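Subject: Structure for you to look at

Hi,

Here is the structure I promised to pass on. Please open it first, then read my notes below.

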Amino acid sequence: MTPPHADLQVVLVVLSIMACCLSVHVVHSLAPCNHPHINIERVKTKERCLDVEVFRRLSIRSERDKNEIDDDESAATLAATILRQEFQSKEHLMMKDYETYGGGIVQFAATLPPGAKELIVGSTEAEFLGSVKARTFELPNRIHIKNLRVHKHHRRKGIATALLSTVMQYTFEEIPTATAVSLKVEQMINPGSAMLYEKEGFVFNERVYPGFMIKTL
């Protein structure tokens, strides 16, 4: 007969293993948004890819020109329609590097439920880059984050953090050879973004180039 203390040891070992598995799951899980209706999705269709590109271009234009076109629903809809028609006419040239079109860049979008005024309120891209060895620095295999944007009316709600966390989870689950995540930020222009990235564990390494940040996984 097995001694009672042996059974107890087995139970403790099993519980310990379960606790370790749970802790790993928590580390890899997505950070929650502060907006109850926002979801993070991986772009899987060409139609959605166009939606993200239109959102990104309109967001850049709005901030560059300091206008309020996106506050006027009819003007924003017209601008989006014109941009979509322009992109559709040359989509295979413009979008060829995205996963949806057979390329290596994966897109993620932060979305509101259908019927909301701004369906897409944030987006980012993730691209695998191989290791680099230079005279002044070395970089490992990594995922590089590009074009992380959040709609100006939906900032400070945890959307950027959730997009970052999604890229981290994607890296853990699908790119096991990547040991770091990197990005670029204009610290003087976007100090808030730089502070967010530092809070999320990214550090500057400007020996690579100005604004380069990296996080080891």
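Start with the contacts. Take those in the chain with a separation of 6 or more: residues 24 or more positions apart account for 64% of them. Keep in mind that this is a predicted model.

Now the overall make-up. The chain has 6 helices and 9 strands. It has 217 residues, and 38% of them count as buried. Its accessible surface comes to about 12800 Å². Carbon and sulfur atoms hold 58% of that surface.

Next, the sheet. In what order do the strands of the open sheet run? The order is E1-E2-E3-E6-E7-E9-E8. That makes 7 strands, with mixed pairing. Strands E1 (39–42) and E8 (203–204) are the edges, and each pairs on one side only.

Look at one pair more carefully. Strand E2 covers residues 106–111, and strand E3 covers residues 120–129. The two run antiparallel, joined by 6 bridges. Find Phe 108: it stands opposite Thr 124 in E3.

Which strands does helix H5 (residues 159–174) lie across? They are E1, E2, E3, E6 (142–150), E7 (180–184) and E9 (212–216). Helix H5 runs at about 155 degrees to E6. Helix H6 is made of residues 191–199. This helix lies across E6, E7, E8 and E9. Its angle to E9 is about 20 degrees.

Best wishes

Key. Residues numbered from 1 in each chain as written. Predicted model: local features only at pLDDT ≥ 70, side-chain atom pairs only at ≥ 80, totals over all residues. Heavy atoms only, no water. Pairing = 2+ DSSP bridges. Helix = DSSP H or I, 4+ residues; strand = E, 2+ residues; numbered from the N terminus. Contact = heavy atoms within 4.5 Å. Axes fitted to C-alpha atoms, helices over the stretch in contact; angles between N-to-C directions. Buried < 20%, exposed > 50% of the residue type's maximum accessible area, 1.4 Å probe, protein only. Areas by Shrake-Rupley, 256 points an atom, 1.4 Å probe, with all protein chains shown as cover.
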